[in-house]
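Okay, thanks for making time, everyone. Let me put the model up and we'll walk through it together.

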Amino acid sequence: MNTQCPTTPEEVIEQDEGLCPRPVFCAFYRRELETLYKVSQLLGRSLNLHVSAKEVLKLLHEEGRLHYGMICLLDNDTGLLKIIDIHQDEATFTQNVSYLPGEGIVGSILSEKEMIIVPRISDEPRFLDRLGVYDPKRPFIGAPIFLGTDEPVGVFAAQPYFADKFLEDNAKLMRMIASLIGQAILLSNNVQEQQDRLREERDSLRRSVKRQHGFENIIGETDAMRLIFDQVRMVAKWNTTVLIRGESGTGKELIANAIHYNSPRANQPYLKLNCAALPDNLLESELFGHEKGAFTGATSMRKGRFEQADGGTLFLDEIGEITPAFQSKLLRVLQEGEFERVGGNKTHKVDVRIIAATNKDLEAAVERGDFREDLYYRLNVMAINMPSLHERMDDVPELARFLISKIARQQGRQLTLKDSAIRLLMRHSWPGNVRELENCMERAAVMSPDGIIDRDVVSLSGLPEKTLVGVPAHPLPPVLKTRQEETPPGRTAEKAWQDEELDERERVIAALEEAGWVQAKAARLLDMTPRQIAYRIKILGISVRRI
Amino acid sequence: MPEPLANRAHVPFYTAECASRCQLVEFQKQEYEKARLNAIRARMAEMEMEYRTREVIDGALYLLQKPLNVMTALSNNLQRGNCSKSASGCPPMGCALDEALDSGREAARTLRLSLPDEKDFLHAPVNINEAIRDCLIVSADRIDASGIEVDWHASSSLPMIFSDDIVIRVLLRIILDNAINAINEHGANSREVSVISRVGADHTVEVCIHDSGPGIARSARAKIFEPFYTAWKSRPHHAGMGLAIARQIVSDLHGDIDIRESVTGGSIVCINLPAC
């Protein structure tokens, strides 16, 4: 290095020749400019401070003749100056050194907000030599790093090789680099802050969406629904195609949501598409996307639902409505995970979980030849059959209460559902399933001026008397959710737990129902201790609803 | 002589008797701690075994259910198609199918019966830092043997979480084990695990375990929580149940588990559990 660069005034005079009257100065400033240029390039390359700091220090050590460069930043939590990075060549030393503001030479730079230039470091009384890398015979330059304000946030220090007349110029270079580093830190801090805020917001939104679509929002105490819950819990874990079947209005979409939001893909995209809503060719471009110019009006390339849902879940509603031509395309995606955009040649590979739903009789469609048999078997790997509301009449009271509380929240007023209304609801056959019940409840809420929904309001809101089934004289007790034939007619649900004729299991269940499944309360009703009732729940095999 | 007495007053062990008593107390404390950790270790092993058994049987049931479902669909279609036309009953293939279906259903039923009973856990407020500490001690041998440096940033003012004290330790242990496995895997750039426990957003407690292993491929990210899936290439063979169990525990506790890559390489597993 000495041969290229004169470092003492004597050498300068010796080498003084050529066109430039002081060529060594030219050489020095050219190198300085070069170094500055490279540093600014390195700092602009990455937003990660640790990566770029390492590169910059390496560059300065090897080319810029500023040895053992060190960047310290103020830690906001502890108020200590912490070494972010220090150039390490063959020797490795601990980086766990920190300084208090005002402590040692580095600390003084921070507290005095001034640059410090020492021609010979061993002459400096404040020098602590904590790191043990700085040569005591050589000079030392330290510059504060500012972030736009007057308060420095860190220190940039290094050791030039010789204490010569270029020391001042070296110090100037150091100051420039320090301000460049300051800019880089400012930028990376801003970006980091924004990213953190966005991530926090995203996570909190994800959590709230997840809460909305959890099992808590699916009502069902009947055996049929318990089976559905078990199936959903099992299926959610696996990466399998699911077919949800059931009449219209039974909550197929709700189940699909629950599967997605309880699966490991919950944080990935979840897209829905109603296959019946679009004609065949539009459906294809919607699902697979299209290239630019694929058809009239395709002015730009468009990603399809499959590509958008990569890594996540795609819910295809009304899968029974698609044409056989389209079924074969769908089959290929299901089997291979491959497809082409409309008008494109390139094959795209995606990892998408498909949840399909239909209310059609697929077996009949297969028999008629409307539905491809291979696609039928492919979808039938995991089938969930939603029970109609008529098959789970025992859930009607709780469903009605849940829907009323939901409507009350929407309308922002108090709504109370009377038992008489529930008894009326229990006598309807509900061909439109839960959706019909929801509409009925909504109508009733609108019809009721004082927020009390009783029998009259419900029948006014359109439950025609002739559609009612069952005998009005002895309706099923609304709070006793056991099977109809087990309950003798005419018995009211009130005080069912006191009835000596009922077996013990029924009485415990009735008491639990009354107490809202709070065991301690139910124990009081039955004159038992909480331990006794817990024991009975266990030996009678009463399943308390979990999930 | 009052002076030497006053001098000796601030010596910690005033008399030989006192010193020996102090030593005894210290020794008893250590013994008690050892016994407590042994008890926790045993209960953790038991609990993990139970979770593992349930998860394996659940997984087997699912794998059995898949072909059964297809066979059911097939047999339904056969009955609709053929049997209605030919009056002489089902063709031999249909009969064989039905028999296979019956035996499959029977197998599924038997498996379901052998599922361990679901325990109702006693949920109580748990200090998660204590749980992390116990887990680190329990896994200390493994950590030492792998030559791994563990860095733990514990937030001092962490709210309690509502859980069973053994279940939460099993959960943390699985994730810690996973981090150690990742580092033992080929391609680890350094041998460090850092554990961070802090207050998360939305009134949650967040525990992040960061390893310096090779990281997880994007394509494997969705499958990693699936039962029977294992990404470890090095010996010994793993059953692939760890993260599946962890996910089950986290969802039982109404929490959230997420896996992502870190900027410095390796992967971060973050658990968010609702604070009480």
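So, start with the sheet in chain B: five strands, an open arrangement, in the order 2-4-5-7-6, and the pairing is mixed. Keep in mind as we go that this is a predicted model. Which strands sit at the edges? Strand 2, residues 149-154, and strand 6, residues 256-261, both of chain B, each pairing on one side only. From one strand to the next, the twist averages 15°.

Now zoom in on one pair. Strand 4 of chain B, residues 192-200, runs antiparallel to strand 5 of chain B, residues 204-211, and they share eight bridges.

Stepping back to the whole of chain B, we have seven helices and seven strands. Along the sequence they go α-α-α-β-α-α-β-β-α-β-β-α-β-β. Of the 276 residues in chain B, 26% are buried. And take the contacts in chain B between residues at least 6 apart in sequence: 73% of those join residues at least 24 apart.

Okay, over to chain A. The largest nonpolar core has 44 residues, and the ones with the most contacts inside it are A:V242, A:I244, A:I255, A:I259, A:L316, A:I355 and A:A356. Several elements of chain A each supply at least two residues of this core, among them helix 6 (223-237), strand 7 (242-245), strand 11 (313-317) and strand 14 (353-358). Last one: what does A:L316 touch, leaving out residues up to four places away in sequence? That would be A:L273, A:C275, A:I354 and A:A356.

How values were computed:
Residues numbered from 1 in each chain as written. Chains lettered and ligands numbered in written order. Predicted model: local features only at pLDDT ≥ 70, side-chain atom pairs only at ≥ 80, totals over all residues. Helix = DSSP H or I, 4+ residues; strand = E, 2+ residues; numbered from the N terminus. Buried ≥ 20, exposed ≤ 12 C-beta atoms within 10 Å, placed from the backbone. Contact = placed C-beta atoms within 7 Å. Core = buried A, V, L, I, M, F, W, Y, C linked by C-beta atoms within 7 Å. Pairing = 2+ DSSP bridges. Axes fitted to C-alpha atoms, helices over the stretch in contact; angles between N-to-C directions.
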